[in-house]
Amino acid sequence: MIMKKYLLIIMALLLAVMYMGTVATAAEKEEAKKASVSSANVFNRLLKKEKTKNAAPADDGIHDVANDGTHVLQPPLIAYEGLPSSDFGNYVDWVKSLNAGMLKPRYDRFDPKVEPLVMDLDIVREVKASVPDVVFPHKPHTQWLHCSNCHPKIFIPQRNANVINMSAILLGQKCGVCHGKVSFPITTKSCKMCHSKEKPKDWKPPQSEASLKTPWR
Ligand code: HEC
Ligand code: HEC
Ligand code: HEC
């Protein structure tokens, strides 16, 4: 009887020690992960975390504090109140807000009556890596933007005629001309916005000509 009691106490102690062990290593791992992620991306302003969400113009580090106009502008936290939220950028889902009729962007700077030239055409860009393929939707873009914002300077208007990759985007070219500046940024939470088409179940990475010629096994 006594032996059984001791055995139980020892087991309970052992479990407690094991549990504490796992807690410590999980916290350490999290710390290490954070350190490696942030140090790998310090060069990249697009992946940098902002200190304050939607700071007022005078505190956002973009507007000139010495300019009186800066202090007249409506602070974003007031302007964005009631709009559907998102997890990144300025935390507003602009596409939803527009489609819900909560915004009426003026399509022409001078004439308030000009209607947008909306085109509903999705372009699928098959990605060679294992991430989901990219769907570029013309509709949410042309609701705000005239074709000439992109064609022909940023993109030749022809499917797959443009070379696009993440390095270019993160350096502020191609999609990165706008994404990360005036539209939702590249963050670990926004990948799925662009990479939205799941790969087929039987998808295999394409092989280069070299590895087809000389298979390594
Ligand atoms: C935000 C940028 C952007 C805007 C604005 C835009 N496009 Fe595009 N367009 C693209 C991209 C990206 C592609 C795909 C290019 C590729 O795959 O290499 C494309 C492709 C096209 C294509 C080729 C389709 C095909 O099947 O080959 C046409 C035509 C086109 N756009 C017309 C338009 C027209 C007309 C407008 C205005 C109503 C417009 N685009 C507005 C970015 C834009
Ligand atoms: C000329 C500026 C511009 C360029 C270039 C551009 N976008 Fe956009 N994009 C916008 C704006 C503005 C919106 C709408 C506001 C927002 O969602 O941030 C938008 C919205 C989107 C959306 C819709 C998000 C939703 O909520 O449904 C996707 C997806 C997207 N862009 C992908 C791309 C991809 C992929 C490229 C490059 C092939 C690209 N964009 C190039 C300006 C641009
Ligand atoms: C604004 C849209 C957009 C966002 C957001 C985005 N991507 Fe991409 N990504 C693209 C486009 C466009 C390509 C080029 C596709 C092609 O080959 O035509 C691409 C390509 C890639 C590739 C293939 C390698 C390369 O550079 O071409 C990888 C891997 C990738 N993205 C990962 C990610 C990850 C991870 C995230 C989130 C941190 C992300 N992407 C966010 C648009 C986006």
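1. Let me start with Asn160, which sits in the loop between α5 and α6. Helices here are DSSP runs of H or I with at least four residues, strands are E runs of at least two, and both are numbered from the N terminus. The phi of Asn160 is near 60°, a positive value in a residue other than glycine. Asn160 counts as exposed because it has 11 C-beta neighbours inside 10 Å; the scale calls a residue buried with 20 or more other C-beta atoms within 10 Å of its own, exposed with 12 or fewer, and partly exposed in between, with C-beta atoms placed from the backbone.

2. A word on the basis of these notes: the model is predicted, local features need pLDDT of at least 70, side-chain atom pairs count only at pLDDT 80 or more, and totals for chains, interfaces and linings use all residues. Residues are numbered from 1 along each chain as its sequence is written, with chains lettered from A and ligands numbered from 1 in the order in which they are written.

3. Please look at Pro152 too, which is placed in the loop between α5 and α6. His151 and Pro152 are joined by a cis peptide bond, with omega about 0°.

4. Asn54 belongs to the loop between α1 (2-40) and α2 (68-72). Its phi is near 45°, again positive in a residue other than glycine. With 16 other C-beta atoms within 10 Å, Asn54 is partly exposed.

5. Nonpolar covers Ala, Val, Leu, Ile, Met, Phe, Trp, Tyr, Cys and Pro, charged covers Asp, Glu, Lys and Arg, and the others, Gly among them, are polar.

6. Around ligand 3 there are 19 residues, with Arg125, Asn165, Met166, Cys191 and Cys194 coming nearest. Two or more residues of this shell come from α6 (166-170) and from α7 (191-194). The shell of ligand 3 divides into 12 nonpolar, six polar and one charged.

7. Finally, Asp133 lies in the loop between β1 and β2 (134-137). The C-alpha atoms of Asp133 and His195 are 5.2 Å apart, although 62 residues separate them along the chain.

Notes: Near = placed C-beta within 6 Å.
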